[in-house]
Amino acid sequence: MSKYDVTIIGSGPGGYVAAIRCAQLGMKTAIIEKYDTLGGTCLNVGCIPSKALLDSSEHYHNATHTFEEHGIKVANVSADISQMIDRKNKVVEQTCAGVKFLMDKNNIDVHHGVGSFVDKNTIKITDSEGKETTLETKNTIIATGSKPNYFPGMEPDKDRIITSTEALSLKEIPGSVVVIGGGVIGLELGSVWARLGSQVHVVEFAKSIIPTMDSTMGKELTKTLKKLKMKFNMEHKVQNVENTGKGVKVTALNKKDEEVTFEADYCLVSVGRKPYTDGLGLENVGIKVNNRGQIETDDHLKTNVEGIYAIGDVVKGAMLAHKAEEEGVFVAEHLAGQIPHINYNLIPGVVYTWPEVASVGKTEEELKEAGTAIKVGSFPIKALGRARASMDIQGLVKIIADQETDEILGVHIIGARAADLIMEGVVAMEYRASAEDIARMSHPHPTYSEAMKEAAMAATEDRAMHI
């Protein structure tokens, strides 16, 4: 029987990063992965493949909508969905191979199969052919991630009623799609199809899309996605989804409790994700799970069982790859006797539509509800020379600061490269910077980052200069 200082179950961003950090700190490390490839949901059927399709569809959209304005004449432009999927698959293959390289480089033993607890120090591994082996471990990190969620009446059949997994490998460009859920996954994949010419109907229970983000972002993103001819049906409660053979029929109740129906070629069910702990044998060691299926942990991400930790989507908090990575490093360093920290308020969230949406810290709604006295500064992207040069003029930067201390409490961006720009807000808030600090920093011209400076100036005495 192999013996390890630490064993990680799950090779997604949280799992493989935890494994690398454990190995760097001198621990004999193993990782167990259910599937043949490493990388988990993020690399195989999540973050990476979706971004590949988002970029391909954006290139196509620009070729058919903005190239002529730039003086680039093209004719007979068409979208080859098969090539797009092939390219996406190659990107996934290369990225997963990179994780395998990192495991080899750091002398991490990789075991393929389903890992389940025999007891707190013994894990059984069952491979795809049913062969069983066991290993002994001093510590274990559960990093098994999540799977698509759904509610009664909208059960996916993986044919016409699909989840994000099937959506990433469609063999045709749908004529029409109903997207249930106006969150990150639904909007990203919905925008892919809309750019390629599909009619996309978003059906959302809340009053706004991306309802967990600052309301200004939802309003602005709705405006921009409507330019792709996406249609939004807010405050609709889906009752049933039916595969009609050649398409789908979605029945919902609107805010007046009137029944409405939507018919389309496909229905994407994107109402969030839920922790995946199937087959782990948690009951064999008595690990506590809450009513949402999340593994309960303390401030050090330790479960109620000594030596067993859990990170990422299986524990409370935002289901984000980079949050899982931070937690993986946190546990590894904690096991090594260090004193790491994670500021969960400063885990940025991103929506990879175009324009992108990115946010860190508190929303205006959260701060007002808490009774915090605030001041808000915003600046439109269209006022930037760089934006006009590239024709990416949609969006704005919004900075929220404390009324008395001027400390930045939240940064919310919708615009080109918002996913990269948000890190200025993260760094500033990590060091508890004021809006004045950002306003006094020289930002290169012409860049999108100038909007950060201008929004900070707007938040301090309303002195933005270029509007």
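Biologist: At what angle do the axes of helix α3 and helix α6 cross?
Modeller: The model is predicted. Helix α3 covers residues 47–65 and helix α6 covers residues 184–195. Their axes come within 9 Å and cross at roughly 30 degrees.

Biologist: Are α3 and α6 roughly parallel or roughly antiparallel to each other?
Modeller: Angles under 35 degrees count as roughly parallel. The axes of α3 and α6 cross at roughly 30 degrees. The two helices, α3 and α6, are therefore roughly parallel.

Biologist: Which residues of α6 make the contact with α3?
Modeller: On the α3 side, the contact is made by Ser-50, Lys-51, Leu-53, Leu-54, Ser-57, Glu-58, Tyr-60 and His-61. The contact residues divide into four nonpolar, four polar and four charged. Those on α6 are Glu-188, Ser-191, Val-192 and Arg-195.

Biologist: Is the crossing of α1 and α9 left-handed or right-handed?
Modeller: Helix α1 spans residues 13–24 and helix α9 spans residues 321–335, with axes that come within 7 Å and cross at roughly 30 degrees. An angle under 35 degrees counts as roughly parallel, and α1 and α9 are therefore roughly parallel to each other. As for the hand, the crossing of α1 and α9 is right-handed.

Biologist: How many residues in the contact of α1 with α9 are nonpolar?
Modeller: From α1 the contact takes Pro-13, Gly-14, Val-17, Ala-18, Arg-21 and Cys-22. From α9 come Ala-321, Ala-324, Glu-325, Gly-328, Val-329, Ala-332 and Glu-333. By class, two are polar, three are charged and the nonpolar residues number eight.

Methods:
Residues are numbered from 1 along each chain as its sequence is written. This is a predicted model: local features need pLDDT of at least 70, side-chain atom pairs count only at pLDDT 80 or more; totals for chains, interfaces and linings use all residues. Side-chain values use heavy atoms; hydrogens and water are left out. Axes are lines fitted to C-alpha atoms, for helices over the stretch in contact, and angles run from 0 to 180 degrees between N-to-C directions. Helices (H or I, at least four residues) and strands (E, at least two) are DSSP runs, numbered from the N terminus. Angles under 35 degrees count as roughly parallel, over 145 as roughly antiparallel, 65 to 115 as roughly perpendicular and the rest as oblique. Contact means heavy atoms within 4.5 Å. Ala, Val, Leu, Ile, Met, Phe, Trp, Tyr, Cys and Pro count as nonpolar, Asp, Glu, Lys and Arg as charged, and the others, Gly among them, as polar. A crossing is left-handed if the near helix is turned anticlockwise from the far one by less than a right angle, and right-handed if clockwise.
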